[in-house]
2 protein chains.
Amino acid sequence: MAKYIYAFHEGNREMKSILGGKGANLAEMTLLDLPVPPGFTITTEACEQYLKDGSFFGGFDEELARYLEEVEEKLGSKFGDDNNPLLVSVRSGAAVSMPGMMDTILNLGLNDKTVLGLLKKTGNERFCYDAYRRFVNMFGNVVLGVAHDNFEEEMDKLKEKKGVKLDTDLDAEDLKALVESFKKVVMDSTGAGFPDDPREQLKLAIKAVFDSWNNDRAKTYRRLNDIVGLKGTAVNVQAMVFGNMGGTSGTGVAFTRNPSTGEKEFYGEFLMNAQGEDVVAGIRTPQKLSQLNDVMPEVYKELDAVREKLEAHYRDMQDIEFTIQEGKLFMLQTRSGKRTAKAQVNIACDMVDEGLITRDEALLRIDANRMNQLLHPDIDPDAEKNVIAKGLPASPGAACGRVVFTADDASDWKFNRDEKVILVRKETSPEDIHGMHASQGILTSTGGMTSHAAVVARGMGKCCIAGCNDISVDLKNKVLRVGPLEVQEGDYITLNGSTGEVILGEVPMVDPELTDNFKKILDWSNEIKRLKVRVNADTPLDAKVGREFGAEGIGLCRTEHMFFDEDRIKAVRKMILSISEEGRRGALETILPMQQKDFEGIFREMDGLPVTIRLLDPPLHEFLPQKEDQILELAEEMGMEIDKLKRVIDQLHEINPMLGHRGSRLGLTNPEIYEMQVKAIIQAGIAVSKDGIKVLPEIELPFIACEDELVRGRAAILDVIKQYGDAVNFECRIGTMIELPRACLTADELAQHADFFSFGTNDLTQTTWGMSRDDSGKFLNYYLENGVLERDPSSAIDQKGVGKLMDTCVQLGRKAKKDIEIGICGEQGGEPSSVEFCHKIGLDYVSLSPYRVPIARIAAAQAALKNK
Amino acid sequence: MAKYIYAFHEGNREMKSILGGKGANLAEMTLLDLPVPPGFTITTEACEQYLKDGSFFGGFDEELARYLEEVEEKLGSKFGDDNNPLLVSVRSGAAVSMPGMMDTILNLGLNDKTVLGLLKKTGNERFCYDAYRRFVNMFGNVVLGVAHDNFEEEMDKLKEKKGVKLDTDLDAEDLKALVESFKKVVMDSTGAGFPDDPREQLKLAIKAVFDSWNNDRAKTYRRLNDIVGLKGTAVNVQAMVFGNMGGTSGTGVAFTRNPSTGEKEFYGEFLMNAQGEDVVAGIRTPQKLSQLNDVMPEVYKELDAVREKLEAHYRDMQDIEFTIQEGKLFMLQTRSGKRTAKAQVNIACDMVDEGLITRDEALLRIDANRMNQLLHPDIDPDAEKNVIAKGLPASPGAACGRVVFTADDASDWKFNRDEKVILVRKETSPEDIHGMHASQGILTSTGGMTSHAAVVARGMGKCCIAGCNDISVDLKNKVLRVGPLEVQEGDYITLNGSTGEVILGEVPMVDPELTDNFKKILDWSNEIKRLKVRVNADTPLDAKVGREFGAEGIGLCRTEHMFFDEDRIKAVRKMILSISEEGRRGALETILPMQQKDFEGIFREMDGLPVTIRLLDPPLHEFLPQKEDQILELAEEMGMEIDKLKRVIDQLHEINPMLGHRGSRLGLTNPEIYEMQVKAIIQAGIAVSKDGIKVLPEIELPFIACEDELVRGRAAILDVIKQYGDAVNFECRIGTMIELPRACLTADELAQHADFFSFGTNDLTQTTWGMSRDDSGKFLNYYLENGVLERDPSSAIDQKGVGKLMDTCVQLGRKAKKDIEIGICGEQGGEPSSVEFCHKIGLDYVSLSPYRVPIARIAAAQAALKNK
């Protein structure tokens, strides 16, 4: 039989895939002789088997009993014993950490008899019934599915009756009564009594943990974090230790370095006389870890030693959980700590300086995607700010949006109304994940730096202010109050996640500045990466930003955006509405100098670097108005009969514009357009060359499906260039975008007429999948929420489908022309797994928006390291 | 140096690719000792070289002189000689016959001096100047580009002046004057004198023939006939013989069998005292060939012997041209004769019976596509017919449409107004090709069975009535007159191409009946083919017709067409507009019995054969009205506020519906629809099974892009089927349409969850090419006319692109599931080259519309023969 259960002393940290992260690290800490309460782990393979078969593996009961017995022997207590009962915690733990996603049960093993045994052992009646009521609540909620609110209500009723405010003000008798009313809640909700048999409790709890692997929150989390390929969750059954046994007991969480800044300081929080859930849930506001030194200096010293031991051993910043039971320290968890992008960078650089890790290791530890945080605008320090409140700076960055009060509203405003929102909650819970995802930032009125909101927001790279006690949230009336000030739903606020400031209204932002450590990471990346990184830039400003971020050229300059400028759209429309070619040429003549000027500006910024310019791509109707009043206006402006104008608009209308008369198709039927554009490029090149600027234009034909389109398109471009004779003293390359399946499949033919290829993976994905991004909203959300797709195909290269075509294209293209330059433009090329794929299939460069250039540089270096 | 010129006696019929069809056959006839005037052929390779370099090959003049000399020696005359001049014809001839497409010049070598030499030789002044004026006209038109009308005008002026009606009424002096006025026409038009030097004439003529390879008519012809991969045209220079030297001279064309019916009779026409152009152009109405036996029995006997010799030698029906010069027969051309579909079938069967060819040869000679002609409805013999005129039955079949008088109008009415048209002309010319292509049928008032209109119409498989002298065509007023009756542009007429009857108005049609010979061909096909042939049928009637034509199952039954029925669309709309799932289910309940009844009818027709039923494919908005008044009506009908209805319609609107919320995407988000459809299928199956009908449903999920869609879709179908338990006593297979590139690329994954694949090449072509058939009109015509594409990618499988994906799909699919059934539905599967491709990549069946089933059977057999 497969081994489905491991005692902690049987495992180690390499066994994450079967023990889960938590289990493997508990085993590792056990090996390191750290004070870990004994226990065992039921493997992810057991979960997989359970989910597949719908029942536990054969011999489960016997195995479970055997491992329980081992724990009992170690502690000299017995599970379910009336005199000296062993209590256990049951915790989930997958191979990848998913905070708050999976379920936990503490104090398992209690019933009306064992609680008396516990009392005998501890002599602390309040503690015993506190533990008991917590257990019934937790088990009732997590295992039996009774809403937490039902228990909360009973608690509130009792507190009201007793006239007290805090849980801790309730005495043993109160809690005893609470156990009974909690059990009644369970009976009322489920129609069955609370299970008294500890072994039945344990089995139900394990089942519940296994089942929770596929609950919606877990699936959403995995989807949002691209967690795929896991077997399931492991279950850790561990002897309980209690942080709530009185004044010398406590519990806390800590990071071996500051997870927000990366600073090398012992950072965390603790609560005396509390169980772990109190800290994590953010219901009581905890104390700073440094204060523990004042409260229990011996324990603090021991904990600090554990910190050093763990960092040296794991060679990474750790996130630990501990409990102090009557003055004795127990370690309940260690794992690599989640950290902000800034902390990632600083910790990686510091650890290289400390000699703890190598430069390559440091680079591989960077989550390139998260570097986004360091690259996005922050609040302008010089701006006037109406700071109305201050909370904990739980996740850095700045965010501005309209206030909403529920996760559903956040999602609705964002996706249906296209509004940026700030989610304001008293506290967040796993049910709020989708709303947090939809928000620019999160603001909570309670909870600490390690509360649910804070942890999840940091994970998402979103700005978050937690524990902002200044504000009160009136969910019912959808109002946020700060003293007499009322902020209504839909009002703008701005959050500064780095300072904790809540600001009324919209505040201007400034560009981020790269820190020295971040520059160091980028420099290392350049030393290692093989892929070049270019920028997608339609304006001199974009080009400038991209170059400052290290872009090695422009991979995509879209000329159509230039057409939409207010002073040009008129000429463009005149061109479209001209019946004769002469009329069209005349209109284009007026656009030429403007377009030339665009290119001059871009060439100047990119002096010495290649600039890929894509000729006009969208269908002409995109430049004409569709609404009645706009059409009227245009007709007047053009001195055209409205009916005639409508007829033209009608004629240009397309049923599937994505698959219509656009790109090189337009270039062939209306050659005057590309002719004007090529003239503008060449004239711009000639003009700036005179100033000593080195120009390297790469003219790109879009939307090519067959060889002859390219042959003719190329010939037409060369015809224009020839007109300028020797004045063209720079190399001008001609190539094509590869954005149709057929272009990939016939790349050997196309390569013969192209100096370069550039993958347009947006369109390539849409055609390969038959999925228009404009229309997929209606089913894609359903697909993602129900796991039909693990992620939106437009978010990263779909390696099984689109990637196969790309690989075919590269192979065919290179077979026909060995040294053809091949790159990718489009945001997929800035997504790290896609960058790695591009590296693997042998592309020459990726190209992406300016702020993603540094991310791609890191991802490219990581790709090179991983595929050495 | 490459050999660029071949004397006739140096070649043979195998050398078509370099000598062209005409040249190779002149060589072959020379080898057979038939009376062929001596000459030589300049090869297609010389044409290719000329078109590439823009000038003749090096040493051209010398070579030309050498071969001319050989001819001079044979005939004892000299090219350009003032006393005994050799005259030559210059004719084009590509490897594939293109009637009327390329240019011909006769009587070349004449000038003011050599015409006197000719006179000396013949003593016939009228003949000499007739030849001369014809030469100047033809050379002026074809080589120098002077419009034919200009010459015609001079001729008409002269005839008017002389008060005569026929050309033959003009005497020698008249013709002499005509030569001068023709030369003036040339001078006026071109600004240069008519070239007098015979060698210059010859070189200019050869150039003109070479250049004509790329004229628009030639390109159009090649495109319409899918003629690709040729080098160019050859040029045949041949000693002139004259059919216009008086009463014992003549010229004619003939077929060794009747090209219209296939009957074994010597069939053709001749004109005494005429040159070949008079017959082909249809200006004078010629005599039947049998009458030659009366006029010149010796010559007729000789010609009949030639006919027998040629048929026995070529083992195929021949199309021959001959000239009789002063009682002596000369052969000017032989080639495989074009024939109607009916004649193809009959000749093939007869020749097998005669032992001339084998069954396999006979099958391979059938142009499967052309069999269309035999399968389309004919005029109902019982219908009332108002026959207003009768002409020559030049190309069989029936056609009905609105009268138009120019090729441009035909094209405009057809493609811009979507009207069926009949093109009515005095006579047609190569300039009319596009109009003929656009028409249902062609009617001409002059010309014979071998006139331009007749030959081209037969080639196109279109109905044609030629030489209908009863009618007069008033082009200026766009009126067709038959006595006092006037038929205006836009009025309906009906043509019966098999009888020559012109009928006023629209006449009902009846289904064709398969002849015994055609059935024989189809039976042979079934013995040979490996591919199965299924029918695309949405109704019991389609199923019945398909089965009668030999369909071996239904390959595609589209369920959405059933939704559009007037009594169902209401329920469909109610379903779409229901907000709740219950509301939708209620509406679907009312559709279920109707849909069940459809399936029952189809299952009954297909008793014992598989029926592939595709679940709903189009997006829901297709079922809602788009126009204001229709929306108003629907709102009233549904008791719904108009604004609310508009909002729903707006919400359902898609930017690219082809790539939107359709197919299995809809099936997943709105599971109640497929559930109803599967219920209808299963209930129908159960119902008809009770009557002893054997049902074999294959339920098909459309528009699958990824594995999980298929997994879920299949599971949902199985869930429904399970509800019926043991009542389902038939096999019900579940599979998917393959219509997206990604489905092809991941076919190994999909095959694991599919009992069958069926290629939907319409959508697969559109996505692979990024080309929407609804929108491609705007550029596709340009592409075809300018040779960017050789044919519309939707007309036949694009083997380089789409075909590669199909091949990948078959290989991956079969690797994962060896015996997975793979077919193709969609009209491409009925196009012979596509059928062959499907055979080669190993598909199990093709499926197509009922009337194409026989075509596909033949094409499948041909594929098997060609790929033995």
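At 2% relative accessibility, A:Arg534 counts as buried (buried means under 20% relative accessible area, exposed over 50%, partly exposed in between, with a 1.4 Å probe and protein chains only). This is a predicted model, so local features need pLDDT of at least 70, side-chain atom pairs count only at pLDDT 80 or more, and totals for chains, interfaces and linings use all residues. Residues are numbered from 1 along each chain as its sequence is written, chains are lettered from A and ligands numbered from 1 in the order in which they are written, and side-chain values use heavy atoms, with hydrogens and water left out.

**Around A:Arg534**

- You can find A:Arg534 in strand S26 (residues 532–536) of chain A; helices (H or I, at least four residues) and strands (E, at least two) are DSSP runs, numbered from the N terminus.
- A polar atom of the A:Arg534 side chain lies 3.2 Å from the backbone oxygen of A:Ile554.
- The side chain of A:Arg534 also makes a polar contact with the side chain of A:Thr612, at 3.0 Å.
- A polar contact is a pair of N or O atoms within 3.5 Å; within protein, one must be able to donate a hydrogen and the other to accept it, and residues adjacent in sequence count only if both atoms are side-chain atoms.

**Helix H16 of chain A**

- In helix H16 (residues 407–417) of chain A, the buried residues are A:Ala407, A:Asp409, A:Ala410 and A:Trp413.
- The buried residues of H16(A) pack against strand S16 (398–404), strand S17 (421–425) and helix H17 (433–438) of chain A.
- After H16(A) comes A:Asp418, with a positive phi near 60°.

**Two loop residues with positive phi in chain B**

- B:Asp33 is not a glycine, yet its phi is positive, about 65°.
- Look for B:Asp33 in the loop between helix H1 (16–31) and strand S2 (39–42) of chain B; with 68% relative accessibility, B:Asp33 is exposed.
- B:Glu326, a residue other than glycine, has a positive phi near 45°.
- B:Glu326 sits in the loop between strand S11 (318–325) and strand S12 (328–336) of chain B, and its relative accessible area of 48% makes B:Glu326 partly exposed.

**Where chains A and B meet**

- On chain B, 49 residues are in contact with 50 residues of chain A (contact means heavy atoms within 4.5 Å).
- Between them, chain B and chain A bury about 4300 Å², 57% of it on carbon and sulfur atoms; buried area is the accessible area (1.4 Å probe) that two parts lose on being put together, summed over both.
- B:Leu659, B:Arg742 and B:Lys778 supply 14% of the area that chain B buries against chain A, more than any other three residues.
- The interface of chain B and chain A holds four salt bridges by the rule, which asks for a side-chain nitrogen of Lys or Arg within 4 Å of a carboxyl oxygen of Asp or Glu.
- B:Asp798 and A:Arg742 meet through their side chains in a salt bridge (2.7 Å, N to O).
- Between chain B and chain A, 29 residue pairs are in polar contact, both at pLDDT 80 or more.

**How the copies are related**
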